[in-house]
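Colleague: I'm new to this one. Could you show me how to read it, step by step?

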Amino acid sequence: MTGNSTNTLPLLNVKDLRVHFHTRHGVVRAVDGISFEIRRGEVLGIVGESGSGKSVSCLALMGLLSVPPAKIESGTAVFNSSTGRTATNTPIDLLKLDPDSLRRIRGNHISMIFQEPMTSLNPYMKIGDQLSEVLMTHEKTAEEEARECAVQMLDRVGIPDPRIRIDRYPHEFSGGMRQRVMIAMALLSRPDVLIADEPTTALDVTIQAQILELIRELKTEIGMSVILISHAMGVVADLSDQIIVMYAGRAVEHGAPGRIFQHPAHPYTKALIESMPRAGRGRDKLPAISGAPPDLASLPGGCAFEPRCSYAKSVCRDVFPDARSRAEEPDRRFHCHVDI
Amino acid sequence: MSISERSLLKISDLKVHFPIHKGVFWQKEIGTVKAVDGVSLSLVRGEVLGLVGESGSGKSTLGRAVIGLNRVRSGSIWFDGAELTGLSRKQFQPFRSKIQIIFQDPYSSLNPRMTVYDILSEPLRIHDPCGKSERRRRVAEMLEQVGLAARHVNRFPHEFSGGQRQRIAIARALIVRPELVIADEPVSALDVSIQAQILNLLQDLRRQFDLTMIFISHDLAVVEHISDRVAVMYLGKIMEIAGRDGLYAKPLNPYTQALISAVPTIDVTHRPKRIILNGIIPSPNNPPSGCRFHTRCPHAEVRCRTEEPPLAEFAPAHSSACWFSSRWM
């Protein structure tokens, strides 16, 4: 997407990922054909409402979905760490990897920050032990050294008195602090790819600003690539080089943040931006999107946004639009029959 | 003072403290959390006051104190000329229908075993006894006013989406025709596309029911959209209070400035310089001396560490608690 580095292989290349859940109520098409490429040091932002498939796509890449009910129906996710530290020179498809090999990649090459800092730490373990475990498992670092690295990383993420805090238990930390511990844990192994699922949603704005700044620093410093998932468009716009807008399991629009937010090509993106209360827009009624997101177990045959779309034509009800771009912007793809 | 005559709600020097107990049977009091520590403000009829601040700033505690859910340590709350502080449960009863609250999480604030009819008719039964057919009629009417269909009365909360549940919670608060509504983060748990629907609904209902409202939120953009005046809280104190336009256009307190600058925007072309605050909000059981914000303030000087700045008026109806507010006039 960044264009100028076309000769280098993408670090992660995901093609046509489809994840369906087979439930008693039918097949839930949580992710229905997502494709993207991320290069070294690049940030991909994924925005969408709850149930749009943002988290499921990433859990699928990490091999963290329980199968069944989940089933990866199609797709490849080629991870190419040839430029990474411990180079596995052959590209590997994460979706076809056996659990053991995947475990070696997870936490080492690809790590993830989960949404809930309250439930993702082990309450029975001191945070120092939880942190050094990462390095001792993945890099066979000696305990002393791992502990020292943990102290330094806690300091980086802005935990005061890290040498004292490292021997504390998770319940002794506030929500914002726990989220920073999670972030420290994810960054300890200096991963090639960081998947951050709503990393700042539970945090206050001032703490959110600190965390976003930290991710930005590490991105330049160690050339880390990031997949940033959020429902907050401001957060995503701030950090991302490319953005995917998801609706009902599909990427309805994909391109550079500047263009997407200023001149959205898809009616959903446009409606979402217009419905946000924003600085200096005054008191007028917000142009809200009517209705609610669709039930993923009984999606309409055509475009899933059609019932809520003010531009909808009759063709939208029956045919899901193919991806297309505008001639002047080949880098941006969107799925819509209408030119808005 | 004429303002106190016109004001529907007047809070003066309110303190809400929670004791911290320890020891066998939790008998020993080892400290207090000063959740609200000397707040004064007033609301005129028909006004919407936005209350913003980080978690732990005391904004929810303040709202809950107004409806009598938190015991007040000192100070007073006056509602429509009557003092609410010090009232017994029984004496408070007549005010409960006049002051209602909407909670943040529509998943936990509705009883899952009650139908929509039960949920909406219960406050009527308690506060405004009327015949069964009259109750049915009013429940149906209220449902339509919040954008739900009257035929939904026999459904249970789990049959509704988050946005619809919040509509039910709003209906429950408004069915007894309150004069003052405390809305505690009413849209924070909702998806972006649903947030706008609920904000619009609150705007409509505000006009229709002639409501006075305290709108509590950590989201500065949402507060800007709905409020007439905004109060910014930090560690139990009001740092700045002003008319909405004044506060957002020309914040006079460094804390407000930092909060506003920290909001991520989608406008990638001209982005204001972000003020990154160091550290986290200090613990309210041991707030910093002097100005409570001095530990994180980029402009703090020696004086701020020892002397606490009063909330002083720097422009008409624009007050700030900072020694240096005149710098940003």
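Modeller: Start with pairing: two strands pair if DSSP finds at least two bridges between them. Strands here are DSSP runs of E with at least two residues, helices runs of H or I with at least four, numbered from the N terminus. This is a predicted model, where local features need pLDDT of at least 70, side-chain atom pairs count only at pLDDT 80 or more, and totals for chains, interfaces and linings use all residues. Residues are numbered from 1 along each chain as its sequence is written, chains are lettered from A and ligands numbered from 1 in the order in which they are written, and side-chain values use heavy atoms, leaving out hydrogens and water.

Colleague: In what order do the 4 strands of the open sheet in chain B come?

Modeller: Strands of a sheet pair through backbone hydrogen bonds, either parallel or antiparallel. In chain B the order is E2-E1-E4-E5, with antiparallel pairing. At the edges, E2 (28-44) and E5 (82-83) of chain B each pair on one side only. E1 and E4 of chain B share 5 bridges, and Ile11(B) stands opposite Ile77(B) in E4(B).

Colleague: Is Ser225(A) buried or exposed?

Modeller: Buried means under 20% relative accessible area, exposed over 50%, partly exposed in between (1.4 Å probe, protein chains only). Ser225(A) is buried, at 0%, and lies in strand E8 of chain A. Its neighbours in contact (heavy atoms within 4.5 Å) include Leu11(A), Ile38(A) and Asp192(A). A polar atom of the Ser225(A) side chain lies 3.1 Å from the backbone nitrogen of Gly41(A).

Methods. A polar contact is a pair of N or O atoms within 3.5 Å; within protein, one must be able to donate a hydrogen and the other to accept it, and residues adjacent in sequence count only if both atoms are side-chain atoms. Lists of a residue's contacts leave out its neighbours within four places in sequence.
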